Amino acid sequence: MSTQKIPEVWLRGPLDDVPSLLQPVAHALLQAREELNELMIDFPGKLLWKKLAGMASPGFHLQHLTGVLNRLFTYAKGEGLSAAQLNYLAAEGEPGEHEITVVDLIKAFNTQVDDAIDQLKATDEAILTEWRGVGRGQLPSTVIGLYTHSAEHTMRHLGQLLVTVKVLKQQ
């Protein structure tokens, strides 16, 4: 008996209510969520903050994936970062005072992807080329630039997380 694997998200057709030009962003974020959830099944918590060859830990990648999505989508709305967002940024890569579990970090990422998809659904395609400032220096970008970078950045860190997790599990 063979089990048939479902196609990647981008090959499953358009997502309801997501504007056409933002479909690739939504597809990439949903694909990353599926792969991350599968990758992290039964990942030992004792390895969450372990670094390989001085590279970032799985805990950092999980926090960073969530935080960057949140920040980039905030900039896409034309807003600055809140004190809570700046505090989250400062704490990325640190286990913190309270125990953070793998499940907590996965849940936070899944929620952030849901929030991002909701924002994409609410985005009028007419504003995609509007200017948006990024960071304290208000570096120039656009709404579509921020959304595209969020997808690219998410997949980049997912790839790094994948390698780190697989090597750690083999040790």
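This is a predicted model: local features need pLDDT of at least 70, side-chain atom pairs count only at pLDDT 80 or more; totals for chains, interfaces and linings use all residues.

Q: At what angle do H1 and H5 pack, and how far apart are their axes?

A: Helix H1, residues 23–39, packs against H5 at an angle of about 15°, and the two axes are 9 Å apart. Angles under 35 degrees count as roughly parallel, and H1 and H5 are therefore roughly parallel to each other.

Q: And which residues of H1 and H5 meet there?

A: From H1 they include Val25, Ala28 and Leu29, while the residues in H5 include Tyr147, Thr148 and Ser150. The residues of this contact of H1 with H5 divide into 13 nonpolar, 3 polar and 3 charged.

Q: Switching topic, how many aromatic pairs are there?

A: The count comes to 1 aromatic pair. The ring centres of phenylalanine 73 and tyrosine 147 are 4.8 Å apart with their planes at 40°, so the pair is tilted. Phenylalanine 73 lies in helix H2 and tyrosine 147 in helix H5, 74 residues apart, and the pair thus links distant parts of the chain.

Q: Are those two buried or exposed?

A: Phenylalanine 73 is buried, and tyrosine 147 is buried as well.

Q: Back to H2, then: at roughly what angle do the axes of H2 and H3 cross?

A: The axes of H2, residues 58–76, and H3, residues 83–91, cross at roughly 150° and come within 10 Å. H2 and H3 are therefore roughly antiparallel to each other. Among the residues making the contact are Gln63 and Thr66 of H2 and Tyr88 and Leu89 of H3, and the contact residues divide into 3 nonpolar, 6 polar and 1 charged.

Technical notes. Residues are numbered from 1 along each chain as its sequence is written. Side-chain values use heavy atoms; hydrogens and water are left out. Axes are lines fitted to C-alpha atoms, for helices over the stretch in contact, and angles run from 0 to 180 degrees between N-to-C directions. Helices (H or I, at least four residues) and strands (E, at least two) are DSSP runs, numbered from the N terminus. Angles under 35 degrees count as roughly parallel, over 145 as roughly antiparallel, 65 to 115 as roughly perpendicular and the rest as oblique. Contact means heavy atoms within 4.5 Å. Ala, Val, Leu, Ile, Met, Phe, Trp, Tyr, Cys and Pro count as nonpolar, Asp, Glu, Lys and Arg as charged, and the others, Gly among them, as polar. Rings of Phe, Tyr and Trp (its six-membered ring) pair if their centres lie within 6.5 Å; planes under 30 degrees apart count as stacked, over 60 as edge-to-face and the rest as tilted. Buried means under 20% relative accessible area, exposed over 50%, partly exposed in between (1.4 Å probe, protein chains only).
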